[in-house]
Amino acid sequence: MRRAALALVATVVGLVLLLGFKSHSATSTASPPAAVSAPTGSGSSSSGSSRSGSTSGSSGTGSSQSGGTAGQSSTAAATKVTGSSVGTHYGPVQVQVTVANKKITAVSVLQYPTSTGRDQQINSYAIPVLKSETLSAQNANIDMVSGATYTSLGYIKSLQSALDQAGL
Amino acid sequence: MSGVAAVPGLLPTGRLPTRHVEHVMGTVVSFDLRDEVAPTVLTDAVEWLHRVDRTFSTYRSDSQISRLDRGELTAADCDADVRSVLALGSALAKASRGYFTVRPAGRLDPSGVVKGWAIERASDILRAGGSANHAVNGGGDIQLAGEAAPGQPWRVGIAHPHQPGELVTVVSGRDIAVATSGTAERGDHIVNPVTGRPATELASITLVGRDLTTVDAYATAAAAMGNAAREWVLELDGIAAFAVPAAGAPWWSSGWAAVGSVPVAA
Amino acid sequence: MATWTDQRVRPAPRAVVPPPSPRPQPARSQPRTVLGLIALGAIAVVALWWLDTPSVSGFGDWLTNAGRITGLLAGYAVVILLALMARIPAMERGIGTDRLARWHSMGGRYTVSLVVAHALLITWGYAVTAHTNVASQTATLLTSYPDVLMATVAGVLFVLVGAVSARAARARLRYETWYHLHFYTYLAVALAFSHQFAVGADFMTNLPARLLWSALYAGVAALLVWHRFVTPVRQALRHRLRVAAVHREAPGVVSVHITGRHLDELAAEPGQFFRWRFLTRDLWWSSNPYSLSAPASARLLRITVKDLGDHSAALARLAPGTRVFAEGPYGAFTAARRSRPKVLLLGGGVGITPMRALFETLPAGPGDLTLVYRASRPADVVLRRELDAIAARRGAQLHYLLGSRAKLGYDPLDARRLRALVPDLAAHDVYLCGPDAMTEAAERSLRAAGVPRSRIHAESFQL
């Protein structure tokens, strides 16, 4: 019995040490994988950085990096910046950011692993989080509001009316 | 996320977008046109909505639908539009296994499909008139065309059913339709046709797809299904769903990632 | 009076055969080397995970990665456990069958725990990262991930085999039943193999890792097939063992003489045993280990068996000419372990048989070799005449310690008496073989008497 307890303790300690080392390296070596050079303005998170909690699948620094520098296409008001495709355990990940008036207005994940059910499970959580994380740093900046159907009376109190008034 | 949006910026042409609010069909329809078009285009669209109202409103005793229901008219006597709406209604009823119906509680009431259909047609009218980028929001059911600005997709906030004034999620995309149905605004008005009782399990459910007619009807059906909608929406091709149950955490389909954000866990 | 020494000279009985001529030493692995290699392998396996994982952040990630590490170690441990039981001659001779079995059994318990931990951690970790609950995550894993269902069945099999092998359960099962149930581990390994590559994060996109892992498994599989299946068949064809004669040594004690061809190629050392299968209608299905009771010659192998149960009683009725299947030789209880000029052989019960062979051949000068034979009653002593003759011929000491401890009122094997019996005991190498209770007590006495653990060589028959 004593040997069993010893083996259990040694295993748990070993696991914790190994995992602990890797958590620390996350903060020191993880740099944004995409070479984004567009200005991001106040408080916006840079493209492709992952929040703690999402797995390396959606944005990790991977074991291989395919080539490609940031591609840019711009119009007068908005610049689209595309990060390089980064290889991860699960497949390549590539993120594109749209910047207008020095603010990030949209985040698109151009490439993400979809081949296994696990990828899809994670994507359904991680990618929207990525988008909302990036975008919630600024105000929501919405154009319309949809809610359970409102009557004329309800409209007056609704967000949509605020939008309409601001625009009229 | 805060509720009130900033004023949309100037369009590249230096114009302000054209916005118009019209009280019609028992609700308020908001228009937001991002291109420059002749003013008659918007007028035509608005006129169309009033025409729909006159033909289909169940609140007007002289509408064709009301008269059809009372038996004063036969389907052959009605406008072609009425027949197409009724045909649409049957198809949608079949697809939704009866949860969407044009005969709730025995009366003829196609409002569940008419509003979305009318708004979609209004958007078609605008498109035909040269407006490639616009949004038409009829009481929360929205048809979007093109994008909000070059390079910028439309962003639609979804009202939080439990926290008035707040948003629960934001949808963004091009050429999409968004419809939200539920108990939150008008009270328990959606009836589950299977149980015959008001459908109360979902405070609100939002569906996103290509055309508002389908999306609107399916959203109504889903709200009537309650929690059972969760399985049903997954079978729908090209439709993404986000639901806020009356009790419990929001859930969303796996396709939601492509169109919307999700509540960030604390 | 319990002890006496017989120094009378008697003519050597014909059954005693001269020792074989010296030959080059067969390969013997050192226990420490083997353990070291196993540890190195484990480190390499963990390194695979280390190099493959850029970072770990968040609770779900911690769980999943802990699951991966335990999974990798379990996959490695399984193949090591199989290798330990592959009956590789160098390991059998160098480490010893009993020690290998103990390592396998301890390692087996640990491995089953790793397998269970792996399954639980991965499921929980996946559930946390995908924001689903554990029950639905389990269902998803079982139904939509390739090969996971098979791996789960394999895991359940491992747990069952582990449960059946636990001491409490084994005491209730017949040996053969347990033995056959244990073979389900092969099925479990086969079922679990593919999921390592199909869903294992460290293998999925890493071809070199997959190749090395496959080579490891293939290598051990080859060793198993060669040493456990091919070699016995080759040996059977080469040596064509048959029963030559059965001698009744004493009431209830028989020696079976087995003859064959090219027996010197077996390189059976005194102290070793074979797993014997006598091909008669009643006995062909069971394989039992018996030690050689005399040094092997080019033409003859001898085992001496006391009637203790069905099998041993049936041996007395063996007809000469009966074909024999023998797997071996196995065992590390050989002259190779000895490190000092003076040697004490301490045997009891069935343990006297390998002692008898060692007593005859262990190189030792007159006065340096002592055999102490512990038995409950005089009737239990076997091969007395031969032992006496060898003692006389070699000038070795021979002591019979007879009488049960209850009857005697003291333990003849306690430290004080042993020291009195064997002068200079602390400077001896001690070979110890007998019933577990006796050997445990004897080992304690020897340690108390100053014999260091490294010079106590014990063999247990509890395989």
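Modeller: Two residues are in contact when heavy atoms lie within 4.5 Å. Keep in mind that this model is predicted.

Biologist: In chain A, what share of the contacts with a separation of 6 or more comes from residues 24 or more positions apart?

Modeller: In chain A that share is 40%. For chain C, 73% of the contacts between residues at least 6 apart in sequence join residues at least 24 apart.

Biologist: Is Ala449(C) buried or exposed?

Modeller: Ala449(C) is buried, because its relative accessibility is 7%. It sits in the loop between α17 (436-448) and β11 (456-459) of chain C.

Biologist: Which residues does Ala449(C) touch, leaving aside those up to four places away in sequence?

Modeller: Ala449(C) touches Ala415(C), Arg419(C), Leu425(C) and Ala426(C). As for distance, the C-alpha atoms of Ala449(C) and Arg417(C) are 9.7 Å apart, while the two residues are 32 apart in sequence.

Biologist: Now a loop in chain A. Is Asn101(A) buried or exposed?

Modeller: Asn101(A) has 69% relative accessibility, so it counts as exposed. Its loop runs between β5 (91-100) and β6 (103-111) of chain A. From the C-alpha of Asn101(A) to that of Ala78(A) is 7.2 Å, and 23 residues separate the two along the chain.

Biologist: Which residues form the patch of positive charge on the surface?

Modeller: In such a patch, like charges are joined within 9 Å. Here the patch gathers Arg2(A), Arg3(A), Arg102(C), Arg109(C) and Arg167(C).

Biologist: Which elements each supply at least two residues of the positive patch?

Modeller: They are α1 (2-29) of chain A and α4 (97-130) of chain C. Arg109(C), for instance, is in helix α4 of chain C, and it counts as partly exposed because its relative accessibility is 47%.

Biologist: What about the accessible surface of each chain: which atoms supply it?

Modeller: Chain A exposes about 8,000 Å², with 58% from carbon and sulfur atoms. For chain C the accessible surface is about 21,600 Å², and carbon and sulfur atoms hold 63% of it.

Definitions and conventions
Residues are numbered from 1 along each chain as its sequence is written. Chains are lettered from A and ligands numbered from 1 in the order in which they are written. This is a predicted model: local features need pLDDT of at least 70, side-chain atom pairs count only at pLDDT 80 or more; totals for chains, interfaces and linings use all residues. Side-chain values use heavy atoms; hydrogens and water are left out. Patches are made of residues with over 30% relative accessible area and no salt bridge: like charges are joined within 9 Å, nonpolar side chains (Val, Leu, Ile, Met, Phe, Trp, Tyr) within 5 Å. Accessible areas come from the Shrake-Rupley method with a 1.4 Å probe; for residues, only the protein chains shown count as cover. A salt bridge is a side-chain nitrogen of Lys or Arg within 4 Å of a carboxyl oxygen of Asp or Glu. Lys and Arg count as positive and Asp and Glu as negative; His and the chain ends are not counted. The place of a charge is taken as NZ of Lys, CZ of Arg, CG of Asp or CD of Glu. Helices (H or I, at least four residues) and strands (E, at least two) are DSSP runs, numbered from the N terminus. Buried means under 20% relative accessible area, exposed over 50%, partly exposed in between (1.4 Å probe, protein chains only).
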